[in-house]
Amino acid sequence: MNDPDGADPDWSRRTLLGSLGATAVTLSGCLGDDDDAAPDDSGPDTGPGEDDPNGEGEDEAENGDEDADGSEGEDEDEADPAELEDRARTFVERIADGDVEAAYELTDEEFASEVPPEELAALWETEFDEAGPFQGFRSVEYRGENEAGRDVVVAYGRFPEIEVELQFGFEDGEIGGFRFFPSAEWTPPAYVDQAAFTESEVSLDGPGACELPGTLTVPDDEGTEEVPGVVLVHGSGDQDRDQTVGPNRTFRELAEGLASRGVAALRYDKRTIACAVDRTTATVDDIVTDDAVRAVERLQQDDRISEVYVAGHSLGGRLAPRVAARSEADGLVLLAPAAEPAYDAIVRQQRHVLELDGELTEREEDALAEVERLADRIERLEIDDDEILEIADGRGRPFWETLQAVDGPGQAAELDVPTLLVQGGRDYLVTVTDDLPRWEAAIGDDPDTTIEVLDDLNHRFQPGDRSADPNEWFQAENPVDERVITQVAEFVFAERDRDGTVGA
C-alpha cells in the first residue's frame with residue numbers, strides 16, 4: 001500500500017508484469033485504507049494504501065539450500081533475515097550488471113519458468129535504461145512472512161533520477177516472486193499555481209537521533225499576515241511525504257493545490273521510510289500518531305500560520321482525532337477515514353480485488369482463505385512477540401493491539417472542533433457502506449461537521465466510471481480531483497470567517 005499498501009499472495013508472472021505496468025495487488029494502501037488493510041498501501045496502500053493505494057504474516061519459513069552466490073548451504077528451521085536480505089541485494093546487482101542468468105541462480109524453478117530471464121532483462125531495460133546506472137540501495141529490510149507463507153524482503157534501490165521500491169518473496173530461501181515499482185515523472189495538475197506559493201525543506205524530530213524530512217508549502221499572499229494550515233497524515237504503508245504512487249503524488253497534489261488557494265500544508269516522510277524502526281515492538285503511536293503530533297506542533301509554532309487542521313487520509317483519518325486531541329489542533333479534515341476493524345477490512349478488500357475479473361478461481365479461493373486465517377489471527381492477536389505481519393508495512397503485535405483500541409469516530413465525537421469528512425463513492429478500501437456509517441453515527445448530527453461524498457472518486461480521490469482497482473493509482477495524469485482541493489479550502493476559510501474564530 002507505497003500505499004502500494006498490500007500484498008499479493010501469488011507473485012506470479014501475471015502480477016510481476018502487472019506491477020511494472022501499473023500496480024501489484026494490494027490489501028489496503030490501505031489497510032482499510034492505505035490503511036487498514038494494505039497495497040502500502042502499501043500497496044498502492046492496499047495501500048497503495050492508503051492506501052496503498054499503497055501494502056501479511058504467518059509462521060516462520062525454512063531456509064533454502066543456496067547461499068547468495070548459489071552455493072549449497074545447510075538447512076535450518078528458520079529463515080535467516082540477513083541472508084535473505086543479502087540474496088535480494090545480489091539478485092538486483094546481478095541484473096543491473098547485465099548478468100541476469102547469474103541472478104536466476106537465486107530463484108526457484110517456478111519463477112524461472114513463468115518469467116524467463118530474457119523477459120525480465122527486457123523489462124528491466126525498458127523501465128530503467130533511461131534512468132542511468134544503478135547506484136545501490138537506500139535500504140534492504142526483511143519483513144517477515146506474508147499470508148502465503150513467503151518470506152518478504154523490501155528494498156529501495158537508487159538510480160540517478162529515481163528511487164525504486166523492490167519486493168521479494170522467498171520460498172525455502174529461493175526467490176519465488178519479485179516486483180518493482182518505478183517512480184515516474186510527476187506533472188503538476190492544472191489546478192496548481194506554483195507561482196502562488198513557496199516550498200521549504202523542514203525536519204521533524206523522530207525517535208533517537210532520527211529526523212523526518214518534510215516539505216512546508218506556504219501561500220504567497222501579499223497583505224495577509226497569517227494563513228490557515230493543514231498537516232497531512234499518511235495511511236498505511238511505507239510512504240514518502242508526497243504519497244508517491246507511480247506518476248501521481250497524492251499528498252503533493254493536495255498540498256500544492258491547497259497552497260494555490262491560500263492554505264499552507266506540511267507533509268513529511270513517514271517514520272518507517274526515514275528511520276530504523278523495530279517493527280516487532282512499534283505501536284500505532286510510534287508509526288503514525290507521535291510524528292503527526294510533532295508536525296502539528298511545528299506548524300503551530302510558525303508565525304505565518306493561524307489555525308492548524310489535522311488532515312488524515314485512510315488510517316491517518318482514523319487516527320486524526322487522536323492526533324488533534326493530543327496537539328490541540330483547531331479542526332479535522334478526514335479524507336477517506338477508515339473506521340471498520342482492520343481484520344474485517346483486510347478480507348473485504350482482498351475479495352474485491354480478486355473478484356474484479358469475475359468469479360474466483362480455485363487458486364484465488366485458496367488465497368482468500370489464507371487472508372481470512374490471517375485476519376482471524378489479527379482479531380485474536382495470535383501473533384508472536386518477534387513476528388512481523390507483512391501488510392502494507394511490516395507490523396507486529398503491538399501495532400495491531402493498539403490499533404484495535406483506537407475508536408476514531410468515538411474520539412471525534414468527543415472533540416469540540418469543526419470537522420470535514422470527504423469520501424469517494426468508488427473507494428473499495430474505505431467504503432460508503434462499511435466505514436462511512438460509523439462516522440455518520442458518531443458525528444453526522446454535529447452542526448460543526450460537514451460530510452461530502454463524491455460518487456465517482458476512488459480511495460486516492462481519482463475520478464472514474466467503473467469499479468475501482470489499484471491500477472488506477474498508477475495511471476498517468478490522474479491526480480487528486482480538484483473538487484477535493486476546493487472543498488477543503490472552502491471549509492477551512494468558512495470556519496475562519498465564522499464569528500472570526502475557529503473551533504468555537
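Helices and strands are taken here as DSSP runs, numbered from the N terminus. The structure is a predicted model, and F461 sits in its loop between β16 (449–454) and α15 (482–497). The mean pLDDT of the protein is 82, with 81% of the residues at 70 or more. Over residues 1–76 the pLDDT stays under 50, and the model has 581 contacts beyond four places in sequence for this stretch.

Most residues other than glycine have a negative phi. F461 has a positive phi of about 60°, and its relative accessible area is 1%; because buried means under 20%, F461 is classed as buried. S314, in the loop between β11 (305–313) and α9 (315–327), likewise has a positive phi, near 60°. The relative accessible area of S314 is 0%, so this residue is also buried. A positive phi, near 85°, is found at G98 too, a residue that follows α2.

Helix α2 itself covers residues 81–96, which makes 16 residues. From its first C-alpha to its last, α2 reaches 23 Å, close to the 22 Å expected at 1.5 Å a residue. At the start of the helix, a side-chain oxygen of D80 comes to within 3.2 Å of the backbone nitrogen of A82.

With a relative accessible area of 6%, T107 is buried. A polar atom of the T107 side chain lies 3.0 Å from the backbone oxygen of Y104.

Both F91 and Y104 belong to a cluster linked by ring pairs, whose other members are F111, W124, F134, F137, F159, F168, F170, F178 and F180. The count of aromatic pairs in the model comes to 13. In one of them, the rings of W124 and F159 have their centres 6.2 Å apart and their planes at 50°, so the pair is tilted. W124 lies in helix α5 (residues 117–128) and F159 in the loop between β2 (151–158) and β3 (163–171), so the pair ties together parts that are 35 residues apart in sequence. W124 and F159 are both buried. Another pair is formed by Y309 and F491, with ring centres 5.8 Å apart and planes at 75°, so this pair is edge-to-face. Because Y309 lies in strand β11 and F491 in helix α15, parts 182 residues apart in sequence are tied together. Y309 is buried, as is F491.

The model contains one disulfide. It is formed by C210 and C275, whose sulfur atoms are 1.8 Å apart. The torsion about the S-S bond is about -80°, so the disulfide is left-handed. C210 lies in the loop between β5 (197–205) and β6 (211–219), and C275 in the loop between α7 (271–274) and α8 (284–300), so the bond ties together parts that are 65 residues apart in sequence. C210 counts as buried at 16% relative accessibility, and C275 does so at 11%.

Conventions: Residues are numbered from 1 along each chain as its sequence is written. This is a predicted model: local features need pLDDT of at least 70, side-chain atom pairs count only at pLDDT 80 or more; totals for chains, interfaces and linings use all residues. Side-chain values use heavy atoms; hydrogens and water are left out. Buried means under 20% relative accessible area, exposed over 50%, partly exposed in between (1.4 Å probe, protein chains only). A polar contact is a pair of N or O atoms within 3.5 Å; within protein, one must be able to donate a hydrogen and the other to accept it, and residues adjacent in sequence count only if both atoms are side-chain atoms. Helices (H or I, at least four residues) and strands (E, at least two) are DSSP runs, numbered from the N terminus. The expected span of a helix is 1.5 Å times one less than its number of residues. pLDDT is the predictor's confidence in each residue, from 0 to 100. Contact means heavy atoms within 4.5 Å. A disulfide is a pair of cysteine sulfur atoms within 2.5 Å. Rings of Phe, Tyr and Trp (its six-membered ring) pair if their centres lie within 6.5 Å; planes under 30 degrees apart count as stacked, over 60 as edge-to-face and the rest as tilted.
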